[in-house]
Amino acid sequence: MSNGNGGNPVVRWVKESAAWRSLFRQPYPSTSRTRALAVMNNVFLHLHPVRVKRHAVRYTYTFCLGGISFFLFLVLTVTGLYLMFFYVPSISRAYQDIQAIEASVAFGSLVRNMHRWAAHLMVLTVFLHMIRVFYHGAYKPPREFNWVVGVLLLFFTLALSFTGYLLPWDQIAFWAITVGTQMATYAPLLSNESAFFMLGGIEVGQGTLLRFYVAHVIFFPLIAAIFMIVHFWRIRKDGGISGPV
Amino acid sequence: MTQQHASYGAVHGPPTGEITRRSFMRRVLGVGVGLLSLEFLGGTLAFLWPNLTEGLGSQITLGSADDINNQAPEWQNGLPFVYNQANLFFVNVPAAKARVAENSGGQVTSDVSLPVPDPGADVDPDIAPEDRSVMALWRKCPHLGCQVPQLCDRSEWFECLCHGSKYTVIGEKRDGPAPRGMDRFEVLVENGVYIVDTRQVISGPPPTVMTFDKRTASDITEHCVG
């Protein structure tokens, strides 16, 4: 250890212990080399490039739209987890549960509205992020693979938005999903079958609510998280963020 | 053998023209994992495929004509019976036709006189739908799935509130964006009791079908929608 030991024997004892050294495997990141090591030795940070280009950190280049989208995804994960403690996906309880979250759960109205607004905003920021990438031509090789991953992430975002829309089980939820799934019946292949499978029945009902709930709280978030890992890692593998147009 | 790779320079590619033990095992593994994945996907789809035993999607017993008249006294005067549990209109066809004729100002004719307390049991699938004694029309609009409201008392048509699709009392399409007439279900009669089989949806007739109530939207002065 090159720094921070001082003369204090307690500090020295802590910093030389096996526990400390297994958590902090490289010296304090104060040089180019140790800063690079800090990124590469961390499972979360190593997805990202060790160095970024000067233009990449300029706010007006990216407007941080991808970062904001990811931040909103984290907000939605945490607030969604909180809401799960007070919500039962049953047609006899769902609507009352939402009312109870709004009215009688401490900070329930705040958590629900954070979830709701973050969801609306995430669709918006993902869309704007896509436009930003498009106008920078950042979909061109070698980034064409990551563009496709991003398009899939857009679909997962919309799927999360759609499945979450039904859960309050109010009139707008019921009819929006009725109309939305009816659109599937206009598809050229497997039209009625796909609507039947999505609805878990012939019309929106208990089967639909449970199906949409499971898809909303585990299936799509898990798939989206896996694709996000690939998405972030590909930025590094494709030579960092694209250059100015 | 050695090949030139764009990024990595000289690399050893797979051996060409011969199957080694290694490449054979690799292919077997690939095919095996592929087959298992397909089986898993098929099993998952089968597991999640809806299996309906009650409500819409099963056989629903409505009761006899008397039972329906007791619940909905206007049924014998031609107003379709709204059966909410399965989201359908149960139409007393002769009474409904007489009702439309009576309220259409002479534009539609029918030789039946009201009331018709028991329309009978002519529900054989071989009989043309408009000649059957009762019909079970699904209230889900074939356009985008909105719930079709009860018969409009001005036009004697079903008029969907969402986008203005309009249907006659026996579910033939007359106006609006819907691609076909109202979807329906087969009706069975056992000992005078009507049973609606909602396991299979029967698509409504094409918009060109006009067997009864041949008025167009402009023939009617007042609508409920649009």
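Predicted model: local features only at pLDDT ≥ 70, side-chain atom pairs only at ≥ 80, totals over all residues.
Figure 1. To find one of the pairings by eye, look for B:Lys166, whose bridge partner in E9(B) is B:Asp175.

**Figure 2. A six-stranded open sheet in chain B.** Here 6 strands of chain B form an open sheet in the order E3-E11-E10-E6-E5-E4, and the pairing is antiparallel. Which strands stand at the edges? They are strand E3 (59-64) and strand E4 (81-83) of chain B, each of which pairs on one side only. Going from one strand to the next, the twist averages 30°. Helix H3 (residues 93-103) of chain B packs on this sheet, where H3 touches strand E5 (88-92) and strand E6 (134-138) of chain B. The direction of this helix makes about 80° with that of E5(B).

**Figure 3. The hairpin of E10 and E11 in chain B.** This view moves in on strand E10 (residues 184-190) and strand E11 (residues 193-202) of chain B, which pair in the antiparallel sense over 6 bridges. How many residues lie between E10(B) and E11(B) in their hairpin? There are 2 residues between them, and B:Asn191 in the turn has a positive phi of about 50°. B:Leu188 stands opposite B:Ile195 in E11(B), while B:Glu186 has B:Asp197 in E11(B) as its bridge partner.

**Figure 4. E6 meets E10 in chain B.** E10(B) also pairs with E6(B), again in the antiparallel sense, and this pairing has 2 bridges. A handy landmark is B:Leu137, which stands opposite B:Arg184 in E10(B).

**Figure 5. The two domains of chain B.** Stepping back, chain B is divided into domain 1 (2-48) and domain 2 (59-219). The centres of these two domains of chain B, taken over C-alpha atoms, are separated by 59 Å.

**Figure 6. Chain A, a chain of helices.** Chain A has 11 helices and 0 strands, and reading along its sequence gives the pattern α-α-α-α-α-α-α-α-α-α-α. Its radius of gyration is 23 Å, well over the 18 Å that the globule rule gives for 245 residues, so chain A is more spread out than a compact globule. Along the principal axes, the C-alpha atoms of chain A fill a box of roughly 70 × 45 × 30 Å. Chain A, too, is divided into domains: domain 1 (9-42) and domain 2 (58-237). The centres of domain 1 and domain 2 of chain A are separated by 39 Å, taken over C-alpha atoms.

**Figure 7. Helices H8 and H9 of chain A.** Helix H8 (residues 144-166) and helix H9 (residues 171-184) of chain A pack at an angle of about 135°, with their axes 7 Å apart. That angle makes H8(A) oblique to H9(A). Which residues of H8(A) take part in the meeting with H9(A)? A:Phe162, A:Tyr165 and A:Leu166 are the ones to look for, and they meet A:Ala173, A:Ala176, A:Ile177 and A:Gly180 in H9(A). By class, this contact of H8(A) with H9(A) has 6 nonpolar residues, 1 polar residue and no charged residues.

**Figure 8. Helices H9 and H10 of chain A.** From H9(A), the residues A:Thr181, A:Gln182 and A:Ala184 meet A:Ser191, A:Ser194, A:Ala195, A:Met198 and A:Leu199 in H10(A). The residues in the contact of H9(A) with H10(A) divide into 4 nonpolar, 4 polar and no charged.

**Figure 9. Where chain B touches chain A.** This last view brings the two chains together. In it, 11 residues of chain B are in contact with 11 residues of chain A. What classes of residue make up the side of chain B that touches chain A? That side of chain B has 7 nonpolar, 3 polar and 1 charged residues.

Definitions and conventions. Residues numbered from 1 in each chain as written. Chains lettered and ligands numbered in written order. Axes fitted to C-alpha atoms, helices over the stretch in contact; angles between N-to-C directions. Helix = DSSP H or I, 4+ residues; strand = E, 2+ residues; numbered from the N terminus. Parallel < 35°, antiparallel > 145°, perpendicular 65-115°, else oblique. Contact = placed C-beta atoms within 7 Å. Nonpolar A, V, L, I, M, F, W, Y, C, P; charged D, E, K, R; others polar. Domains from an automatic or database assignment. Pairing = 2+ DSSP bridges. Rg over C-alpha atoms; globule rule 2.2 N^0.38 Å.
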